[in-house]
Amino acid sequence: MEFLTQMLGADVARMVVGLIAIIALVSVNALFLIWMERKVAAHMQLRPGPMEVGWHGAVQTVADAVKLMGKELITPTDVDRPVYHLAPIVIFLPVLLSFLVIPFSQTLIIRDMNVGVLLILAFASLTVLAILMAGWASNNKYSVLGAIRSVAQTVAYEIPLLITLMSPILMVGSFSLADIVAAQERYWFVLTQPLAFILYIVCATAETNRAPFDLPEAESELVAGFHTEYSGMKFGLFFLAEYTNMFIVSALATIFFLGGWRGPFLPGIFWFLIKVYAIIFLLMWFRWTFPRVRFDQLITFAWKILIPLAFANLLITALIMKLR
Amino acid sequence: MINYFKEILVGFWSLLAGMAVTIRYFTKPIVTVQYPRQKLTMSPRYRGHTEFVIDEETRTHRCIACEMCNRICPSQLISLQGVKVDAKKKLPSRYIIAYQYCSLCGLCVEVCPTKALKWSDEYLLCGFTREDSEIDLLRRLQDQQYAKGWPLTPIPRPKPEEPAPAKGEEVKE
Amino acid sequence: MLERGLEEKTYVLNLGPQHPSTHGVLRVELEMEGEFITKADPDIGYGHRGHEHMAENRNYQQFLPNLGRVDYLHALAYNQCYCMAVEKLLGLKVPERAEFIRVITGEMNRISSHLLWLGAYLLDLGAFTPILYCFDDREHILDLLDRVTGSRLTYCYYRFGGVPQDIDEEFVAGTREFIKRLRTRFRDYDNLVTKNVIFIHRTRDVGIITQEQCLEYGLTGPMVRGSGIPYDIRRSEPYSAYPLFDFEIPIGSKGDILDRYLVRVKEMEQSLRIIEQALNKLPEGPIMAEKVPKRIKPAEGEVYAAVEAARGEFGCYVVSQGEVKPYRIKLRVPSFANLSILPELSVDTLVADLVAILGSIDVVVPEIDR
Ligand code: SF4
Ligand code: SF4
């Protein structure tokens, strides 16, 4: 009995410390990513990007965040108040929780669950709920359109996302992220599952609502989409969630296909972060290169190309696993 | 079926080609100018607002207050007053352009019979009030002369409202 | 608004006047079912400045700066058209060198206009990077034109009877260099945009204009050429020095957005060819006609002059009653006619398509409102 409470205590303490660390990581990561995004975009467009605040504008995003926090929270008159206020929180919390199961290194994992993947994916699907809430509650026509698009998009993309992830899972035989990393001791899964990797990256881009799949917030069509009516830190939370989401999908890609924290010389955490940011760079690279796809084309693309290919990949993997 | 895969591959390839372009530019040096720290020089014909040409010989302007520029200006923005300094000669006592109305068409510069006007290379033209954009060319000329250490061109006083004969003669002296 | 919309089962969306992709102050009222548009109604007039009325209160020269502000993207063509009209009235003969300079600068301006369109259009489609490459190239044109005309956007350079200032060696050398540079850049645009699947899927078979529609609506410029009608004023009613140059008129086949896009891109290449030829053949001589009267007071009469502007046929109709001020000046602007087809094109399309179609029309809203 005593043993059990002690264990529980340690576990709870671990959770609390972990959550605090996560919040810190999330904020720092978002600030860094926004700066990185601006720099990447700028250099691709032959301009320097932020240069004034700090070394090459490194503290610019901190200044922006402070500005956002200091801003007045404007609530438009005809919004559906409870839902309107709830949406930014709903989008942000699940994102935080997803960090619980990510193995940053061999030991740096808050809670290794045997259904880690499912947890992350389940939380990720909550995002769409928040977007729907935000879009509907804003009582703005552009927002509603953005919300509608977002729902349709997510429905179309969650399926191939899951199916593509099934192939590595099948190879490992476990839903636990730590196990999946452990299984890549000899080679990374990107070598045996290149198609799954590509499909996953495409789905991940869509999942995070980033260009070329940024339909819910398509600037040139829907002004700002679902967060048109949000200001100040509420808008900030949407922003934070977007960039944290990016981190999570990239972390998943790293864990599933790039061997997680594995790598020579450096400690695991460094390898993990290097790989994650490399994937994030890839996502940014997409955003600053491609035009936006059209709404119906996106759905067609998902159902006609992504899902068949993902299924084919899964089938072949299953076949090979069976034969071996 | 073959078409289906071909389309996917061609599409995929085109996306890669696009990404190759952006990554190539990513490594290129930037082309923009960091404005307050670096500045460009204006091209020789750059049209700022108008200003007086300073004649190298006489070290003053050449305007004879003929009002040609005033008349041709599409926006009628030149407020010009001439004073007869002697029997033949007339000099401007007031030449103010309301720059906010200027369309930089160049008609005033071209029409001037003595070629007294030219374009300045001023491009920092911002102000807080409407009056800030009113430019007094005669004062500007004096500033330029002062900077070069040349004698300043006095701004002749316009005639008072009721021209008293005695004062009129004074001017003529 | 929302509730009423639900009752009527249509969703009324007000696109603009401050919408990122209406390019200025255009408002389009959309009636939609879901995301499908059932009716689009462009509402113009937000930028009305009364240029035509201004003309009646000014003498002939004083109207010159206004022309640069009707369509600020291809201002030199508008300058040229008005000058041509008044020159016709006055019976002036423009010296050859001046005509060449007009062609060179006008074509440069056309390229800059098309480049801006290209970038802004890709921005409408959600690609953020091409516009900055386009602006990088356009910047070179602006620098070159700045050397000659003194302005960077709202040019007021041509005068009745010629041009007021000559071009110099540096301009010629710089232009040659620019031609070389832009030709290499086209390859990048090709890879980045033209061949991109997403771009092709967004533009192919969208917003198709048939040849009959072109005639019905009086479309001009790349709109009509995209549908396969080789109508270009530079060829059909040659003016200035254009008959001396060898260039093609690119046309499309289907009349969809992709065709219009390709026509514009190819037009830039043709413009480069024209500039190259003009630079090679550039004659010496005066740049201003002799005997240009100081006071422009044409005899009674009316003239119409038209030029091929970047967006289509720009016409200038001048009525003179033998006074120093024109009696009436009517500006025929291409964007107005081109925009009028939008309601028909946008029925049964998505909002995303509407943005794509609107962009492909290449409207300059101040030009419509005048
Ligand atoms: S440039 Fe044109 S608008 Fe400006 S002052 Fe001269 S004539 Fe008037
Ligand atoms: S036209 Fe020339 S000389 Fe005459 S008033 Fe104007 S600036 Fe002076």
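Q: At what angle do helix α4 and helix α5 of chain A pack?
A: This model is predicted. Helix α4 of chain A spans residues 116-137, and helix α5 of chain A spans residues 141-172. Their axes lie 8 Å apart, and the packing angle is about 170°.

Q: Are α4(A) and α5(A) roughly parallel or roughly antiparallel to each other?
A: The two helices pack at about 170°. Angles over 145 degrees count as roughly antiparallel. Therefore α4(A) and α5(A) are roughly antiparallel.

Q: How many nonpolar residues are in the contact of α4(A) with α5(A)?
A: On the α4(A) side, the contact includes A:Val117, A:Leu121 and A:Trp136. On the α5(A) side, A:Val144, A:Leu161 and A:Ile169 are among them. By class, five residues are polar, one is charged and the nonpolar ones number 13.

Q: How much area is buried between chain C and chain A?
A: Here 36 residues of chain C contact 27 residues of chain A. Carbon and sulfur atoms give 61% of the buried area. The total is about 2800 Å².

Q: Which element gives the most to the side of chain C that touches chain A?
A: Elements of chain C that each supply at least two residues include α5 (96-124), α15 (351-361) and β1 (11-15). The top contribution is five residues. That element is β1(C).

Definitions and conventions. Residues numbered from 1 in each chain as written. Chains lettered and ligands numbered in written order. Predicted model: local features only at pLDDT ≥ 70, side-chain atom pairs only at ≥ 80, totals over all residues. Heavy atoms only, no water. Axes fitted to C-alpha atoms, helices over the stretch in contact; angles between N-to-C directions. Helix = DSSP H or I, 4+ residues; strand = E, 2+ residues; numbered from the N terminus. Parallel < 35°, antiparallel > 145°, perpendicular 65-115°, else oblique. Contact = heavy atoms within 4.5 Å. Nonpolar A, V, L, I, M, F, W, Y, C, P; charged D, E, K, R; others polar. Buried area = accessible area lost by both parts, 1.4 Å probe.
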